[in-house]
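Here are my notes on this one, written as a few numbered points. Have a look at the model first, then read along.

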Amino acid sequence: MKHLTFSLLFLLVAGTTILAQSASQYNTQKGVAINGYDPVSYFQSNPQPGNKSIAHTYKGVRYQFSSQGNKDRFVANPEKYIPAYGGWCAYAMGATGEKVEVNPKTYKILNGKLYLFYNKYLNNTLDSWNEDEKNLKLNADKNWAKFKG
């Protein structure tokens, strides 16, 4: 019985640690992903701010949705909608391996995956990404793997 109790306690602590690590890797502001934008709305070609009252937490990260229908779509298949590289700037992840904030209105859907980009002060990194997408994506994938451990 003592061994079973220890095993259950270990699984509980390990599971909590994994969720915390996952959530801490993610780009959140004020405790919400994508600056509060609805991840499903990107796939409808119309990024929309989410509503605080229509939210869902997945792997320790809170997402907001513009409609109950979008929340339902997300809950049914969250991996389809979550942004690449934890929601950090895809260009920066590929160019330097750094976590850089994004403009939630600057994005690209590539092979069914959402990529977000920094766009501020006349610096739209989506333009730079498009110039060398293949190499930047390969580098970003490698760099992100280091953050995920």
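1. Let's start with Lys108: at 25% relative accessibility, this residue counts as partly exposed, a label for anything between buried (under 20% relative accessible area) and exposed (over 50%), using a 1.4 Å probe and protein chains only. Keep in mind that this is a predicted model, where local features need pLDDT of at least 70, side-chain atom pairs count only at pLDDT 80 or more, and totals for chains, interfaces and linings use all residues. Residues are numbered from 1 along each chain as its sequence is written, and side-chain values use heavy atoms, with hydrogens and water left out.

2. Lys108 forms a salt bridge (a side-chain nitrogen of Lys or Arg within 4 Å of a carboxyl oxygen of Asp or Glu) with Glu133, and their closest N and O atoms are 2.6 Å apart. This pair links distant parts of the chain, 25 residues apart: Lys108 sits in strand 5 (residues 103-110) and Glu133 in helix 7. Helices (H or I, at least four residues) and strands (E, at least two) are DSSP runs, numbered from the N terminus.

3. How many salt bridges does the structure hold? There are three. Another one joins the side chains of Lys59 and Glu79 (3.4 Å, N to O). Lys59 is in the loop between strand 3 and strand 4 and Glu79 in helix 4 (residues 78-81), so parts 20 residues apart in sequence get tied together.

4. Lys137 also forms a salt bridge, with Asp141, at 2.9 Å between the closest N and O atoms. These two are four residues apart in helix 7, so about one helical turn separates them.
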